[in-house]
Each structure stands twice: as C-alpha cells, then as structure tokens.
Amino acid sequence: MILDRRGAVLGATLLGGALLSSRILPGSAHAQPASARLTTILDGGFSVAVTSAAANRDPKQIRELLQAAGHPTDSASTVLNVSLVRRGSDVILFDCGAGKNFVPGTGKLLDGLTAAGVDPDDVTHVVFTHAHPDHLWGALDDFDTPAFPKARYHVPAAEWDDWFATDVYQRLPEDRHSFAAGAQRILKVLEPVTKRFKPGSEPVPGVLAVAAPGHTAGHCAFELMADGSPTLIGGDAMTHPVISFLRPDWPGGFDADPAQAAITRKALLDRAATDRLRLVGYHLPNGGAGYVERTGAAYRFVQG
Ligand SMILES: [Zn+2]
C-alpha cells in the first residue's frame, strides 16, 4: 500500500510496523523557491564483486540478469555520489563520502566540491542517510575535526541509537566491527554540532526525511524540490542499477535487515514510479540520478 500523491498525512504501514513515509512533499517543500539546484559530487569508487549486487543468491542468476541488461558479468565497480543542494544561502550535502581511510579510490569529495565552486566553509548543512563508512567517514578532516566547520550536521535518531547500542558489536560480523568503531568515533566528534531527527520531520526546511529502514536500522531517504522536480535522495535503498530495480525483493549485499530492506525498496520504487520522482542513488552510476519506470511486476532505472 502506498500513498496518494498529495495527502497531508499519508502512510504505508510496513511489515514490522515500520512506517515508510508519513507525509509526502508537504506544503513547506513546495513553498521553497524553485531555485534549489542539485548536483552530485563523486567521492570516488571502488571494485566490488559482481555477485555483491545481491546477498545469498545464486551467482548464476545474478549474472544472467546482468547479461540480459547488457552489463558486464565478470567485473563490477561502485561509485559514491554525494548530493549537493544549493538553495539561496543554504549549501546542503547529503552524506560525506568515505574519506581517505576506508578503501582506496575514495575521499575525493573536497576536490569535487572545489571544482563545483564550493568551499568547505560554505556548507551550511550535512544530512546523513545512515552511518556506514562510505557515507560518514568523510565527515572529518585530516586533523579529526569536522570537514565542514560551519555546518550543522543531521543524523537519523534511530541510526545514532543503533550504532551506540550496547550490543552493536555482537550483532555485526567481525569484519564489520570497524563500521561500528568508526561510526562511534566520528559521531562523537560531531555530536556538539549535530541534531538528531526522526522520519516525517524536516531536518532542514523543505527537506523531508522519509523512513527507509533495512539497509541499516535508521536509514532515511529524503524528499525535496530541486531543479523544479520532486526529488528523492534514496541513499542506499537502491544500490545497483539493474538488480535493485529488477529484483527489489532480493537482499542487497550490505543490508542489515534484508527483509525490511526489500519492503522499503519496493515501496520507494513504487512511489518514485507512480509520482515520477527523480531518484538520486548514492551508488548508482553516472551521477546517480534518473527515473524509475515500471516493467510488469518489476522496475527499471532510466538515467536522466
Ligand atoms: Zn553506501
């Protein structure tokens, strides 16, 4: 069940009681000047296994879908797209890239911002979808102080609570313990300049937080008007340009709660297709922006 286009209070009760979105493009979003401009800044990219497009799936099935879509089946890479929104005096970043300490090939956000004419001091808000390393670890500079010293940082409250939960290390496989250590260390540094927000609120006026749990416990997407279009910053709800759309029910390679992530992904895809939202995916190629089209029971990502 999803949403009508304009209701004031709309909701989709999802399995487990999670709420996808309580309001859609509220009046305040429409009231923003149409001059909001969205650009994506490439933080870099790295190689991934072709089969990481989905977890616990027969690699042969994955390769068949990729081949049918004209994608390589022997090697793959992923990119990191930080969304930059300029709107009046607001300069808003959605996520921060991976910094220099996660994997080689990333941490290029500051260079990209410079090329776009943005100084770190210009950034007024940093809004996080979630606190995985490739989204959070670029938040600090080489001196372990905030990379955007004049910005206010915004973190989903449920995400904050999850990374600081006493059982976080028990829940994570050992090879992801660094995710928790990094999240705790960086969020602690940011805490004095951070506000925590809940889905259904606007961490920045005109930017509506949408609950999108599953990839992580507190993962959020965001709706805003940019370049005159209703836009969905999707974070990591859709991470692969083929598999996430053709088989949204398949668990993604890094989803903490695969069943919940699949529910979220299908709901967001349905909504984006129905209402012609422009989708920006953090790991989708060529800047990550495009539209979602229905193809029978599945979906297709059309870049643009
Ligand atoms: Zn990611």
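This is a predicted model: local features need pLDDT of at least 70, side-chain atom pairs count only at pLDDT 80 or more; totals for chains, interfaces and linings use all residues.
Residues are numbered from 1 along each chain as its sequence is written.

I start with the overall picture. The chain has nine helices and 12 strands; these are DSSP runs numbered from the N terminus, helices being H or I of at least four residues and strands E of at least two. There are 304 residues, and 48% of them count as buried. Buried means 20 or more other C-beta atoms within 10 Å of the residue's own, exposed means 12 or fewer, and partly exposed lies in between, with C-beta atoms placed from the backbone. Of the contacts between residues at least 6 apart in sequence, 68% join residues at least 24 apart. A contact here is two C-beta atoms, placed from the backbone, within 7 Å.

Next, the open sheet. Its six strands run in the order β1-β2-β3-β4-β5-β6, with mixed pairing. The edges are β1 (37-48) and β6 (194-197), each with a single partner strand, so one side of each has no neighbour in the sheet. From one strand to the next the twist averages 20 degrees. For pairing, DSSP must find at least two bridges between two strands. Strand β4, residues 125-127, runs parallel to β5, residues 152-156, and three bridges join them. Val-126 stands opposite Tyr-153 in β5.

A nonpolar core is a set of buried Ala, Val, Leu, Ile, Met, Phe, Trp, Tyr and Cys residues joined through C-beta atoms within 7 Å. The largest one has 80 residues, and Val-126, Ala-139, Ala-221 and Phe-222 touch the most other members. Helix α9, residues 258-274, gives the largest share of this core, seven residues. What does Ala-139 contact, leaving aside neighbours within four places in sequence? The partners are Cys-96, Val-126, Pro-146, Ala-147, Ile-186 and Leu-190.

Ala-221 and Phe-222 bring us to strand β8. Seven of the seven residues of β8, 220-226, are buried, so the strand is largely enclosed by the rest of the structure. In a regular strand the side chains alternate between the two faces of the sheet. In β8, Cys-220, Phe-222, Leu-224 and Ala-226 point one way, and Ala-221, Glu-223 and Met-225 point the other way. Strand β7, residues 208-211, pairs with β8 in the antiparallel sense over four bridges, and Ala-211 has Cys-220 as its bridge partner. On to β9: five bridges join β8 and β9, again antiparallel, with Ala-226 bridged to Ser-229.

Now the backbone details. Most residues other than glycine have a negative phi. Asp-227 is not a glycine, yet its phi is positive, about 55 degrees. The residue sits in the hairpin of β8 and β9, which has two residues between the strands. Asp-227 counts as partly exposed because 14 C-beta neighbours lie inside 10 Å.

Arg-276 also has a positive phi, near 50 degrees, and lies in the loop between α9 and β10 (278-281). Is Arg-276 buried or exposed? With 11 C-beta neighbours inside 10 Å, Arg-276 counts as exposed.

Finally, Pro-230 lies in β9, residues 229-235. Pro-230 is partly exposed, with 18 other C-beta atoms within 10 Å. Pro-230 and Arg-276 are 46 residues apart in sequence and 7.9 Å apart in space, C-alpha to C-alpha.

Notes. Axes are lines fitted to C-alpha atoms, for helices over the stretch in contact, and angles run from 0 to 180 degrees between N-to-C directions.
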